[in-house]
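User: I would like to go through this model with you, beginning with the ligand and then moving on to the chain interfaces. Could you take my questions one by one?

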Amino acid sequence: QEAAPASLTWAIETQPITLNPQQWSQNKARLLVFNQFDALLSRAQDGSFHPWLAKSWKVSDDELTYTLHLRDDVTFHDGTRFDAASVKANLDQFLVPGYNAAVASIQLRAYKEAKVVSPTTLEITLKEPDGLFLDFLASPYSGQISPKSLKSVKDLKFGGPDLVGTGPFILDRYVQGQEIHYRRNPAYKWPPEGAAHQGPAYLPEITYRFLPEAAVRVGALTSGQVQVIEGVPATEAGLIKKDPGLSLQTALNSGTSFSYYFNLSRAPFDDQRVREAFREAVDVDTVLRSVYQGTATRAWSVIGKSSPFYDPSLEQRYGGDPAKANALLDEAGWKQRDAEGYRVKDGERLTVRTLASAAFVRDRRDVLAQAIQAQVKQNAGIDFQVKIVDQGSAQKALDDNEYEVFENSRGDSDAGAALNLILPRGGAINRTGYADPAMDKWLAEAGADSDQGRRKELYTKVQRTVVLDKAIVFPIYVPADQIASLKSVQGLRFDPASGTPAGAYDVRIGT
Amino acid sequence: MSFGGSEVVRGISLSVAPGECVAIVGESGSGKSVTARTLLGLAGPGSAVRAGTFTIAGQDARGFGPGEWRRLRGRFAGLVLQDALVSLDPLRTVGAEIAEVLAVHDVVPRSRRAGRVLELLEAAGVPEPEVRAGQHPHELSGGLRQRVLIASAIAAGPELIIADEPTTALDVTVQAQILRLLADRKAAGTALLLISHDLAVVGSIADRILVMRDGRIVEEGPARDVLTTPAHDYTCSLLAAVPSAASRGTRLTEAERPTPGIRHVASARPTGATPSGPATGPVKGAVKGAVKGAVKGLAAEPVPVLAGAGLTRSFGPRRVVDDVSFTLHRGETLGVVGESGSGKTTLARLALGLLAPGDGLVTLHQQPWSTLRERLRRPLRPRIQLISQNPLDSFDPRHTCGRLVAEPLRSLPRQERRARVLDLLARVGLPPDMAGRHPRELSGGQRQRIAIARALGPRPDVLVCDEPVSALDVSIQAQVLDLLAELQAEYGTALLFISHDLGVVLHLADRVLVMKDGRVVEEGDVDEVFTQPRHPYTRDLVAAVPRLPVPR
Amino acid sequence: MPAPRLLPPIVFLLLLALAVAVPGLLAGVDPLAADPLSALAPPGGEHWFGSDHLGRDVLARVVYGARHSISIGVAATALAVTSGVLLGLTAGLSPKWLDEALARAFDVLSTLPELLLALLIVAIIGPGTGNVIFAIAVAQIPNYARVIRAQTFVVRRSGYVEQAVTFGRSRLAINAGHVLPNVLGPIPVLATIGLGGAIIASSGLSFLGMGPQPPAAEWGAMLSEARNYLRVAWWEALFPGLAITLTVACLTVVGRRLQRRFEGRTS
Amino acid sequence: MIKRLGTGLAVLWAAATASYLALLLAPGDTVDILVGEGPDTPEIRAKIITEWGLDRPEVIQYVSYLWRLVHGDLGRSYQLQRGVGEILLTQVGPTAQLTLAAAGTGVTLAALIALVTGGRGRLARGTASAAELVAVSVPPFLIGIVLLSVFSFTLGWFPVSGAAGPQALVLPALALGLPVAGVLGQVLRGGLERALEQPFAVTARARGLTERALVARHALRHALIPAVTLAGWFTGTLLGGAVITEVLFGRPGLGRVAMDAVTGRDMPVVMAVVLLSAVVYVTISTVLDLAYRAIDPRIRG
Ligand SMILES: Nc1ncnc2c1ncn2[C@@H]1O[C@H](COP(=O)(O)OP(=O)(O)OP(=O)(O)O)[C@@H](O)[C@H]1O
Ligand SMILES: Nc1ncnc2c1ncn2[C@@H]1O[C@H](COP(=O)(O)OP(=O)(O)OP(=O)(O)O)[C@@H](O)[C@H]1O
Ligand SMILES: [Mg+2]
Ligand SMILES: [Mg+2]
């Protein structure tokens, strides 16, 4: 049932800062990557891995050698054949100094070398076991680039039309600040396992237009100027649902939930009672209802609800009890109140600050912060100051330890990868100052292990510790992505690995 | 004619015949310009015109619509506006301005317009018309602009030319040329309505004269009659106000303010003490002799108070003042005449020590003055004061008259200063309540009086007057000149009196310096210079002074 | 006596002054009191101007917002005027080389569009009320400095200054007695009109998220937040928008009237 | 001309240096900015520092910056993985389109209003003046929001964004051009009215000119003079307004690049934008200066 060829315009919120999958850093731009590029593996929502450009793979018992068997019928858009040598070239590219320091030292930390056994067989050796290596092979970073174009591309780190992949679409135009345009790759016949169809994409071409203003995106959709939008603001969700010509889909993102992490290294959050009191002072459900009009999913754990590692037993175990909050604060010595109704101890107001870098504020988290600000003030007399600053100032405040709350969510397809950055002592984004050898051990074990059952066990311990026992984190909501479209647009999906909108391979226009 | 209810001009009846020149004369604000503009339906927004009969070229103009007026303007009647310096569009070439009339009325086909413009310029007495036609008004001197304006007024061959003060603000020599130009048109059969505040100017050309005051015609008649046997008092005072060599030593106005200062002066002048009407010829002569004698007596032993020797000053490559020497004695008036741009103001600033001479030396009381450091000069400054051409410009806009007059008296204690200010105001014939008013609320003459009072405050030995009356009309000018004369006689102040108007200088000065292009071309006793000019330029100057017909 | 057309703007500005001085008088509710349950309530009995996305009273926020918005505008204008006058006077009274250097500095400052310069400054020193004031002020300094410099030139060469020299008064006395007061003449007019500009500029910065920090009620920030609710709650945008527009319009009207009076006085 | 060029270059250099210094004084390290939201370990930092040459003394970095600048190399963006020159090159077009269209709209509207109402009755002038007042008093982004809601979302007359042809330019150009029209209109109308009261206007009328011809041939040029002196304000408003307009309408362009660069402290891009707007300012003020000379012969020579 071939749909009538038609072009599609899709308005997206964020424009990619790079079109090179190996430089990819924005979850919001993930939906573009797999139009142009294919990864070696694909990942399902339950965390299991499936073949894509690699037909099968084998992990040695010592978990140090990964043998990939590749498809032999794949060609890059420039006509070059895809084979083991090109995969090796892609992997080795990360070792070039200055190419991608972050990936080289995090995801490829354990990478030792890759050996071409045959054109379709590649042997990758690691220095140490890495339970997340398969996740890397299924991530945008392993989007396969034609080695020829890796050498000849004008602007390697940016990519663009002359950085060539194997994907279902061919990038033919990128206008910064305006749009990105793809046309179909007619030779495509290697979709990942689980794709809704085989063969070339339905759409002969597709345009993604960058519309950062939410109201403008919705307006463009309702007035028929675009057919699909992502990032539907909560206020508009109701209106779109009511519109008979439109449909709305939502999916929870993978990774960690949006949470407030308490800074344990300084007062007042060095006192667990104050941390708990803060959480008890907020009626998260009401806050979410008012800020997101009931479209947001409440988070109970640091790990997102859609992750296989999520621990549902944490639900309803804490929060939303102002009486308890006040009792805890009284107990912790914050007994007096000042003229404005804030609690005081030793002449100091109970003030906690959060800093967000303006460039990274999204999802109306600033409004959310205001709602929480109002709640903690009204319910517990806590002065919660919200500062939205530039990147430099935010970094400086972090460096100077001048903050009490650090807000963050990560969209890693494997929640463990995110926890590895946040929770261990000295982790790359450990902003809580939390240091616990047991925690470090659990995380290391879970990270090295590729057995999902065993990992889940370990991560359950982790979650209970940080959420209940130590109360170092205040999970608020599970980030989600929305797609709204004309009813006639079919095949819009979410990427099961990340919960973000998927590429346009399966999308078609028809009834 | 009224503006928003207030009548400005009432009961004017006038008619102009082909080949005739009718002149309207009157002081500032008497309604002359309004009358002229009304005749072309240009009275402006908010104006209302009522007329018994109003006929233009045989048509009743009372019912004219905008279109009919437009066809008339330029074509039937050309208007030369009062302010020649700003009556041409500064952004367009003068050629374009003239061509516009030709285009609007389609006088000549487009292809011949440029040629016609040149002819018109030529006819208006503009030298090098080819060059001038491509220039902008700011590149032209006042006289040339006036001629261009006339050329544009006559471009469409109108039967009537209305010229509103066509020579005010022009040098005498240029004024004479313009008047000649207008006379030529008249001779060619064009009707001419000439407006002026200066009787002497119109005297030479008008057939009939209408004298206006406060929006009414007070006297009307053939030019000769009006000038020689004026019937109305106002006409008489106008006539008397014209300064000239003949009026030296006499009052130009009646002594009407019994202020102490004036009484004092009046008593010093026996013959002038009882003027009871227009000062006529014989009386003038008598007074002149008497006062002159008195002044001479006063300066029996001439003491130089201010002197310049070999003064030179350049701006850029141009020598604006070139080797000028002068001496001003105590109680004496030294006149400086010269056309616009001849360096008179520059000379005054050199004398005042406001500008350092490039060469030469100014001495004050025979002490070096121009070479002094400003700090040393400051204490001596009260000795030499300035009255400038535009008094308003020399007043701090925020200050009241009282404060202005008090400024040079800062060394006095408060109480005394107040008294001095009131005294000074009285001396210049202003009521004490003037002290609280702002100068912009005053008339031109009153302003100049404030300036004089202020300059007299420090009891200077020298007063430098840079064209103190050239912005004033004849009657006010007369009052100010009288005042200066009185005060000089009282205080014995020496005057360095600068003017482009030879008549004024002849009236007031003892000696005169004639300047041209920064050089002194002639110097000497006023009478001599006036009666026996040696330099050709001086001769032109003297010849150009308009003269009233002397009644026999 | 103000002319009749001047009356409405003056009444509005007085009302505004009242809102700045004692906001509690005009709005009984706490502008920061969030009531999520009654969020986005349309204008009506309980909330005259409706409530916003956090259930805060829009009227109260507009009234209290006056304090923020106006004080940012006033403070920025005051700062810009003071520095502009000082710099302009210095340039106007200085020897040629210093004057030339200062004039070039004004040039450099104005090569950057006002908003961009303010953005840059806020980006460097961070958002927040004080910094926004500083940023807007810096961006406006060259406007004032230029006018003052030109005015200083005119006054310095004017007839009355020359005349004052002939009275033997010292440079200092002349500068203090004549130059300064006459140079300052147009300042109230410029400042009134400039104040409107500053308020618009600050609202633009707030719109871009660089203004006062939440939950502060500030008109520009309110508008910026409200744009997400345009379809569901027009009132959240309308009232702050109206407040800015009316304030700026009234200031402009009054400023221009002052200007006309001032010009009439000097010419 | 040579002197003007020299001054222009000096202004450019000063602008570049001043912004360099300002950014140097700003809180936070360049490395912090480069690390951004991503993972942050000493190892990654070290790699970034060597990659960008941040270990060199600041003076050297400044000199090398200037040196590269002289050779036309604007450097590489910290945030976008591209050369700054390339970014600007692709973004200049849309912004130029927008600002020119807005300038055109503003000037045309202002001139129309001034011509139609100049010297007319109280009612026409009052209406025009009120319209102008509103145009200058409404914050530009509010105009944009209103235009979008009405003409794009509700009526669907114009597309909301993109450079999808001239239609997409209409609303942004209006949003940006209306305030310009307001201010220019006031200035032009004031100039016209003043010119029509001048004596030369009476002279021209006395030649039999119609009011319309008087306005077109005489008064308009006079009204242009004060309008031309608004040059600096004009460019500033357009370039600054472009930031808001581009963000609001989802248009590509320098304004948006600048905004993102400034919030992200993307130093090389910020510097380039500063330089570029300095170039534009210097150019435009030169051009308008020449225009001024062409209009007003009095200041020639
Ligand atoms: N447009 C106007 N609106 C109101 N009053 C006016 C207007 N034009 C002139 N007047 C008044 O009409 C009176 C006569 O003015 P007019 O210009 O005719 O005087 P004038 O005799 O030409 O004086 P001058 O010698 O100074 O040119 C003056 O009192 C003046 O204030
Ligand atoms: N400060 C100056 N800089 C340059 N040129 C000057 C300056 N002051 C005067 N001049 C020029 O010097 C010449 C003589 O000027 P000055 O004012 O002394 O003439 P004037 O005889 O007083 O003329 P007027 O009768 O028009 O007042 C003029 O051409 C004038 O342009
Ligand atoms: Mg007149
Ligand atoms: Mg002079």
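User: Which residues come nearest to ligand 1?
Analyst: B:S28, B:G29, B:S33, B:V34 and B:Q82 come nearest, out of the 13 residues around ligand 1; a residue belongs there if one of its heavy atoms lies within 4 Å of the molecule. This is a predicted model, in which local features need pLDDT of at least 70 and side-chain atom pairs count only at pLDDT 80 or more, while totals for chains, interfaces and linings use all residues. Residues are numbered from 1 along each chain as its sequence is written, chains are lettered from A and ligands numbered from 1 in the order in which they are written, and side-chain values use heavy atoms, with hydrogens and water left out.

User: Which element gives the largest share of that shell?
Analyst: Helix α1 (residues 32-38) of chain B does, with four residues. Helices (H or I, at least four residues) and strands (E, at least two) are DSSP runs, numbered from the N terminus.

User: And by class?
Analyst: The shell around ligand 1 has six polar, four charged and three nonpolar residues. Here Ala, Val, Leu, Ile, Met, Phe, Trp, Tyr, Cys and Pro count as nonpolar, Asp, Glu, Lys and Arg as charged, and the others, Gly among them, as polar.

User: What does the backbone do there?
Analyst: An oxygen atom of ligand 1 is 2.8 Å from a polar backbone atom of B:V34. For B:K32, a backbone N or O atom lies 2.9 Å from a ligand 1 oxygen atom, and for B:G31 the corresponding distance is 3.0 Å.

User: How much of ligand 1 does the protein cover?
Analyst: The protein covers 62% of the 630 Å² of accessible area that ligand 1 has on its own; accessible areas come from the Shrake-Rupley method with a 1.4 Å probe, and for residues only the protein chains shown count as cover.

User: Changing topic: how many residues of chain D are in contact with chain B?
Analyst: Chain D has 21 residues in contact with 24 residues of chain B, where contact means heavy atoms within 4.5 Å.

User: How much area do they bury?
Analyst: About 2,000 Å² is buried between chain D and chain B, with 62% of it on carbon and sulfur atoms. Buried area is the accessible area (1.4 Å probe) that two parts lose on being put together, summed over both. On the side of chain D, the residues D:A206, D:R207 and D:P297 lose the most area to chain B, together 30% of what that side buries.

User: How many salt bridges are there between chain D and chain B?
Analyst: Three, a salt bridge being a side-chain nitrogen of Lys or Arg within 4 Å of a carboxyl oxygen of Asp or Glu. One pairs D:R207 with B:E100, whose closest N and O atoms are 3.0 Å apart.

User: Which element gives the largest share of the side of chain D that touches chain B?
Analyst: α9 (199-206) and α10 (211-228) of chain D each supply at least two residues of that side. The largest share, seven residues, comes from α9(D).

User: Now chain A and chain D. How many residues take part?
Analyst: The contact takes 44 residues from chain A and 46 residues from chain D. The area buried between chain A and chain D is about 3,600 Å², and carbon and sulfur atoms give 55% of it.

User: How many salt bridges does the rule find there?
Analyst: One across the interface of chain A and chain D. The side chains of D:R76 and A:D155 meet in a salt bridge, at 3.1 Å from N to O.

Note on methods. Polar contact = N/O pair within 3.5 Å; in protein donor to acceptor, adjacent residues only side chain to side chain.
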